[in-house]
Amino acid sequence: MKILVCISNVPDTTTKVTFTDNNTKFNAAGVQFIINPYDELALTRALEITEKQGGTVTAINVGLADAEPSIRKTLAIGANDAVRINAEPIDAYFVAEQIAAYAKSEQFDLILTGRESIDYNGGLVGGLLAEMLGIPSVNVITSIEVENGVATMERDIDGGKEKVSCKLPLVASAQKELTEPRIPNMRGIMAARTKPLKVVEVSGDLITSATVGFELPAAKGGVKLIPADQAEQLIELLHNEAKVI
Amino acid sequence: MTTEGMTGLGFGHTENQKMVAQMAKDFAEKHIRPHVMEWDEAQIFPKSTMQEMGKLGLLGVLVPEEYGGAGLGYFEYITAIQEIAKVCSSVGLSMAAHNSLCTGHILQFGNEEQKKKWLPKLAVGEWIGAWGLTEANTGSDAMRMQCVANEDGDHYIINGTKNWITHGITGDVAVVLVRTGDLLDSNGITAIVVERGTPGFKGGKKENKLGMRASETAELIFEDCRVPKANVLGKVGEGFKQAMKILDGGRISIAALSLGIAKGSYEAALKYAKEREQFGQPIASFQAISFKLADMATRIEAAELLTYQAADLKMKHKPMTTESAMAKYYASEVCVYAATEAVQIFGGYGYTKDFPVEKFYRDSKLCTIGEGTSEIQKLVIARNILRD
């Protein structure tokens, strides 16, 4: 079993978001970056599968050298090796194209991604990647078991669950419930220093989109507290001021 | 300034240290933070949480891989203690005591057979370790210890008590300093390993403490306790010198523990000072508050540099008795100062258990007392600088 896990390097969830260059670029100054939490779940599940039935897990990232601490962490958690495609991850199409180019040469049985990255929330890479490789994709999975070359997965649907089975190879994207993230141990941290981290240069055409501008949501308004025994005043405000009823 | 960014004097954080810090922080946030006040209120020592830390390598940081440890150095060790202590100083203290004292003593002075017997269990947290030097009437004056070991064939028979011992009741194994020679003879003390379950060895009274309440502190009682001579660490009569060496390293870990508490207090106070408004503006904009933060930040940075200096010397196997005493003395005093100022910045809220600084304030005081009081550190420093 050969598994590829796609890793995005994203700002920590507590980051205060600001922009530069006339609101066209995220301001990364002083920001701590982490492995995208959904990708970390995909990685952990991949390790659980290979620990049970043998195989290898490769982590792949499209990013510049500053993404390496996150990539090293995937090795500390347990990935066998890692690949960094040396380019700024401009948009989902570009990222998927780069990963597809690498994946074609390696013949992976299973490719796992997070359901989306928590920075730009595109949720596109998994689907695009599967299309480019000509293999099936199942998104937002909450469980996955692999047996005899077939993956059985569960995914949440409105009001219930769907069980899907699919022959390998395939691309699947991880939802929150897939597993519990794993904290690397000290031996893993030591071992990560000597595990292979291959840097690959960009391939193919650089057809990308461009961000024209970002806008932060409007600041939240103040809170009005209405005493519990003055429901009439609350209704009056909801009618005339908030205009929601 | 953020304490995260502290580098200086070439002690920049390596990628290893950053990963260890993140790992310890992730563990503490997930498995310790939700229980901190419950453990504190009820004085619960979280042995199972400690054992989970063992699985991550946090209880055998300095132990070589061949004995089941993580095989890392002092920089990673003090980084991890700080991150744990920022969330719960009690667990930080237990971690420091387990690593530096019991495990450290066996690692540094045990023979091959002894290391193979005890270190693999200690390094992964299967066993929790205790270390007994202090007695009810001999704290700083350890040479007058009363706990005695008499020879009986290939055994020693131990009688006496040890006090204020971390993991005194729960610990699965203890390294104990006992008298095998004359009173006040520095060659009359021996280090010996005693396993839980040995007849005549039991835990005694558990102390009800001001702070560090989740770290168990208790008496060790020995009543005609027969321990094989094979359990003696190093040579008979070398125990006192060994203990002093162990405390040199232990001081670095208490300095790191102090730094964790100081940084936790400072970071909480900094955040609060920016958010809390009085007279229509954040209190951080008042000089009275901002100067407190400036003083805290400066002293923390100085304490960190002293601690890193001592760790650096230790890693290079150079003499560091003076430097580790300086680091422990200064960092522990800064820790009490920072926690006190943090409570002051929080005002009335800081006096309640709803905010972490109340606990830091209580916990901090241990740092100027445990593993050698500030006065003893000054004595060590003075002796060394006067001798040179």
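Predicted model: local features only at pLDDT ≥ 70, side-chain atom pairs only at ≥ 80, totals over all residues.
The interface brings 15 residues of chain A into contact with 22 residues of chain B. The area buried between the two chains is about 1,600 Å², and carbon and sulfur atoms give 63% of this area. On the side of chain A, Ile183(A), Met186(A) and Arg187(A) together supply 45% of the area that this chain buries against chain B, more than any other three residues. Three salt bridges are found across the interface of chain A and chain B. In one salt bridge, Lys73(A) is paired with Asp26(B), and the closest N and O atoms are 3.5 Å apart. Five residue pairs are in polar contact between chain A and chain B, with both residues at pLDDT 80 or more. The elements of chain A that give two or more residues to the side touching chain B are α2, residues 68–77, and α5, residues 186–192. By residue class, the side of chain A that touches chain B holds eight nonpolar, two polar and five charged residues.

Chain A contains an open sheet of nine strands with mixed pairing, in the order β11-β10-β9-β12-β8-β1-β6-β7-β13. The edges of this sheet are formed by β11 (160–167) and β13 (197–200) of chain A; each has a single partner strand, so one side of each is left without a neighbour in the sheet. Neighbouring strands of the sheet are turned against each other by 30° on average, with direction ignored. Within the sheet, β6 (residues 56–63) and β7 (residues 81–86) of chain A run parallel and are joined by six bridges. Gly63(A) is placed opposite Asn86(A), a residue of β7(A). Helix α3 of chain A, residues 92–106, lies across β1 (2–6), β6, β7, β8 (110–114) and β13 of chain A. The helix runs at about 145° to β6(A).

Most residues other than glycine have a negative phi, and most peptide bonds are trans. In chain A, the peptide bond between Leu168(A) and Pro169(A) is cis, with omega about 0°. Pro169(A) is located in the loop between β11 and β12 (170–174) of chain A. Val140(A), a residue other than glycine, has a positive phi near 55°. Val140(A) lies in strand β9 of chain A, which spans residues 137–147.

In chain B, a positive phi of about 55° is found at Trp164(B), which is not a glycine. Trp164(B) belongs to strand β3 of chain B, residues 155–166. Strand β3(B) pairs in the antiparallel sense with β2 (residues 148–152) of chain B over five bridges. Tyr156(B) in β3(B) is the bridge partner of Glu151(B). The hairpin of β2(B) and β3(B) has two residues between the strands, and Gly153(B) in this hairpin takes a positive phi near 65°. Strand β3(B) is also joined by nine bridges to β7 (residues 217–228) of chain B, and these two strands run antiparallel. In this pairing, Thr166(B) stands opposite Thr217(B), which is in β7(B).

How values were computed:
Residues numbered from 1 in each chain as written. Chains lettered and ligands numbered in written order. Heavy atoms only, no water. Contact = heavy atoms within 4.5 Å. Buried area = accessible area lost by both parts, 1.4 Å probe. Salt bridge = Lys/Arg side-chain N within 4 Å of Asp/Glu carboxyl O. Polar contact = N/O pair within 3.5 Å; in protein donor to acceptor, adjacent residues only side chain to side chain. Helix = DSSP H or I, 4+ residues; strand = E, 2+ residues; numbered from the N terminus. Nonpolar A, V, L, I, M, F, W, Y, C, P; charged D, E, K, R; others polar. Pairing = 2+ DSSP bridges. Axes fitted to C-alpha atoms, helices over the stretch in contact; angles between N-to-C directions.
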